[in-house]
Amino acid sequence: MPITEPDESSGVEVIWDGEPSHQLLLHYELEIIREEEEFVRHFKCELSGGIAFGVHSPGVLVVSTKRCYFCLRKGEMRMDSFDWLVCVDSCRLDSLDRITLGLEYQYLFLTFSSLSCTVIFRDSDRCRAFLSQIEARFPSGKKYKVAPTCSKTAYNLKRQVLKVENRAALISLGLDIEKEILSTTDLIQDRRRLMSTHSQTLLGSQFVTWLCNNNIRTNRADGCILGQRLLDLGVLNHASSQPVFEDNSSLLRFQSSSHSDESHYKKFILCFKNENESSGGESVAFVITTENVHIATMVLEPPRTSAERQFTNVLTREIDSINAMTAYNSKPKSINIEFFEEDVQGNDSAWNLTFETIQLCEDVQLFLRQLWKNAFGGVDMKFIIK
């Protein structure tokens, strides 16, 4: 899929609220970027794994014409001095080996020759803007891989956050695999065998190879086990109706139309959850389904595979347990979701969430209000603007 240059008005913001000041940009140019390079842009970033300064260290990824600079936040942020922002490492752009897309284009996993890092955008437009910047500044002729989101990330989200039981989760995984194979390859096509044409099929060996290449399974034996389980569940069928999955030229066909997957999340948003309306917050995943809302943490250090992400469900509330939702004129990126007291207790009776953009915050408000209206037969949610 071609990536177009983003409009200037959709430029990426610094990790803290508000546009970067002139002093901060000057600090980048004078203290971080080397003299022979040109400053391009800065991006939100959480370093992980490749840097010896801790697993989760919020900071800024500064991109120049030749290098990526990894700057960590040290101490309290001040505008009169920028000694709290320290450049701890840098990599040449031509040492970039792989970019792995995160779930719904909200984060990227970058693999350089000497380190790896997770860059969090929480907004798909900003993620695509970063990809466009890298594409525009990359040395001509140098190739790097752009890997799709690993199907197991969505599978883990459903299994670890939504608590989908194994059978449904496997069906969901199979549907995700089919979607990615269709969108990124030409493996599924019409094939002739003897005097018959078998529409929309792929080879058993191609299926196993794709699983291994995309880190769904680590070896062909495990790929065959998954293929057999999907065959048993009816997600896959043999063109010849055989009951056994084989790693060979046998023809397989996905049967997605026969399965309705109610376990798919409706929205996955990275945001900040605050303890109260005035405090800072922790980065969490806000997951919305038809009936529930979830707060989950996401492990950001380099996983066992290049794309797989692990989740921990922290809080779950039913849509119809929402009592009211408050938006703020002074903080247009934040909302407060209040739940009925009989359903929850203590600090969890209200969630204060801060999103990446005003538009994203407004989209979440509309989405939750529509789901609530559906649950209560057309009655609108109590919505307060302060």
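Tutor: Let's start with a definition: a residue is buried under 20% relative accessible area, exposed over 50%, and partly exposed in between (1.4 Å probe, protein chains only). We are looking at a predicted model, in which local features need pLDDT of at least 70, side-chain atom pairs count only at pLDDT 80 or more, and totals for chains, interfaces and linings use all residues. Residues are numbered from 1 along each chain as its sequence is written, and side-chain values use heavy atoms, with hydrogens and water left out.

Student: Is Glu356 buried or exposed?

Tutor: The relative accessible area of Glu356 is 5%. The cut-off lies at 20%, so Glu356 is buried.

Student: How many salt bridges does a search of the whole structure find?

Tutor: Happy to tell you! A pair counts when a side-chain nitrogen of Lys or Arg is within 4 Å of a carboxyl oxygen of Asp or Glu. With that test, searching the whole structure gives a total of 4.

Student: How many residues apart in sequence are the parts that Glu356 and Arg126 tie together?

Tutor: Glu356 and Arg126 form a salt bridge, with their closest N and O atoms 3.9 Å apart. Glu356 sits in the loop between strand S19 (350-354) and helix H7 (358-375), while Arg126 belongs to helix H2 (residues 124-137). Helices (H or I, at least four residues) and strands (E, at least two) are DSSP runs, numbered from the N terminus. The parts joined by this pair are therefore separated in sequence by a residue count of 230.

Student: Is Arg126 buried or exposed?

Tutor: Arg126 has a relative accessible area of 9%. Cys127, Ala129 and Phe130 are among the other H2 residues that share its class, which is buried.

Student: How far apart are the end C-alpha atoms of H2?

Tutor: The expected span of a helix is 1.5 Å times one less than its number of residues. H2 has 14 residues, so it should span 20 Å. The model agrees, because the end C-alpha atoms of H2 are separated by 20 Å.

Student: Which helix holds Arg220, the partner of Asp247?

Tutor: Asp247 and Arg220 form a salt bridge whose closest N and O atoms are 2.8 Å apart. Asp247 lies in the loop between strand S11 (236-238) and strand S12 (251-254), 27 residues from Arg220, which is in helix H6.

Student: Which residues does Asn214 touch, not counting residues up to four places away in sequence?

Tutor: Asn214 lies in the loop between helix H5 (204-213) and H6, and is buried at 18% relative accessible area. Contact means heavy atoms within 4.5 Å. Leaving out residues up to four places away in sequence, Asn214 touches Pro148 and Cys150.
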